[in-house]
Amino acid sequence: QGLCYLGLVGMMDPVRPEAVEAIAACRQAGIRPVMITGDHRDTAAAIARQLGILEPEGEVLTGAQLSQMDDRALDDAVARCSVFARVQPEHKVRIVEAFHRQGAVTAMTGDGVNDAPAIQAADIGVGMGMTGTDVTKNVADMVLTDDNFATIVDAVEEGRGIYQNIKKAVHFLLSCNIGEIMTIFAAILLGHNSPLLPVQLLFINLVTDSFPAICLGLEPPEKDIMKEPPRSDKKGLFGGGGMFRIFVEGMFIGSLALFAYLLGHKTGGADVGSTMCFAVLSLSQLVHSFNMRSTKESLFHIGILGNRKLAASSFLCIALQCAVITYAPLQFIFHTVPLSPMHWVMVAVLSLMPVPLVELEKRTAS
């Protein structure tokens, strides 16, 4: 009593501008964003529409409705609904478990004590580093230092890039090593001595294998990496025909080196053949490393200078390879002989042959 009405004040927690873009990026990447909140149904719906999580005619389910559902009904609900309001901690856990039953990989974010059970139940628990409670941070798998949802999307992109680079490096190393094995094995089967000496194989593995593989691990993420669907956790590193491509590329590189040995042996003798085999095997692997920069895009489209570290390491390896063949003290160590201009032309042509093979693979896959 005795109060004078002066006005009405409203408060809102505005949506961060980058959050809208992050939600859109999630959808492009095949990640489905879901809002689970204790706020009022109308508040949750309004914010979800601003973020792009809730369609204009989308459904919002409340904790009271979830309490009346059995697991089967809840599974149907999470398949069609992306906004849950007025939920209790046990509802959050049930929603996470429902996604698990559908085979989804879940990431749960939260900052309060009541979020901790669901964060722990999720495949990836994300805690808030600034506003989050100690309980939430302790059970989380990762903690956001800036409490920004967009950071999660950036982390997904970075993680995809790292995984892709590991895959490229392993693909490159396996195909190159298959080529080395095939060269020696096939030559012996044909009745020849081993075309490569241990010191030459050591040079290839330490120089022309290692440096490009390390640089492939530093390759920038591909432009469409966030447009690809999530990778199944049940899918191997080289599922979907990856091992077959590795085998084909390795056998092809080995065939090129063996052909160089036979060609050099016929035109210049055993020492020339061995040197040509050594050069082709080493240089073709360097060329092949540029093929590995992208699993889809043509090398002629992305160019050879997009990864400057790989380009620099390749030029260094080419210089070392030429020095091993032309510099007398190194010739003695690596048992090589000088090659004629015609032999160098043969080496160059054979070394470039992995490019059309992989270009054909990319075109066929697309």
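In the predicted model, D71 is partly exposed, with a relative accessible area of 42%. R101 likewise counts as partly exposed, at 42% relative accessibility. These two residues form a salt bridge in which the closest N and O atoms are 4.0 Å apart. The pair connects distant parts of the chain, since D71 belongs to helix α4 (residues 71–80) and R101 to helix α5 (residues 89–101), 30 residues apart.

Eight salt bridges are counted in total. Among them, K168 and E222 meet through their side chains with an N to O distance of 3.3 Å. K168 lies in helix α8 and E222 in the loop between α9 (198–216) and α10 (242–268), and the two are 54 residues apart. Both K168 and E222 are buried. A further salt bridge brings together the side chains of E219 and R293 at 2.9 Å, N to O. Because E219 is located in the loop between α9 and α10 and R293 in the loop between α11 (270–291) and α12 (299–302), this pair ties together parts that are 74 residues apart in sequence. E219 and R293 are also buried.

Helix α1 (residues 17–28) comprises 12 residues, which at 1.5 Å a residue should span 16 Å; the end C-alpha atoms are 18 Å apart, in agreement with this expectation. Within α1, residues A19, A22, I23, A25 and C26 are buried. They cover an arc of only 160° around the axis and therefore lie on the same side of α1. P17 and E21, on the other side, are exposed. The buried residues of α1 pack against α2 (41–51) and α8 (149–189). Just after α1, G30 adopts a positive phi of about 80°.

Key: Residues numbered from 1 in each chain as written. Predicted model: local features only at pLDDT ≥ 70, side-chain atom pairs only at ≥ 80, totals over all residues. Heavy atoms only, no water. Helix = DSSP H or I, 4+ residues; strand = E, 2+ residues; numbered from the N terminus. Expected span 1.5 Å × (residues − 1). Buried < 20%, exposed > 50% of the residue type's maximum accessible area, 1.4 Å probe, protein only. Arc of directions from axis to C-beta. Contact = heavy atoms within 4.5 Å.
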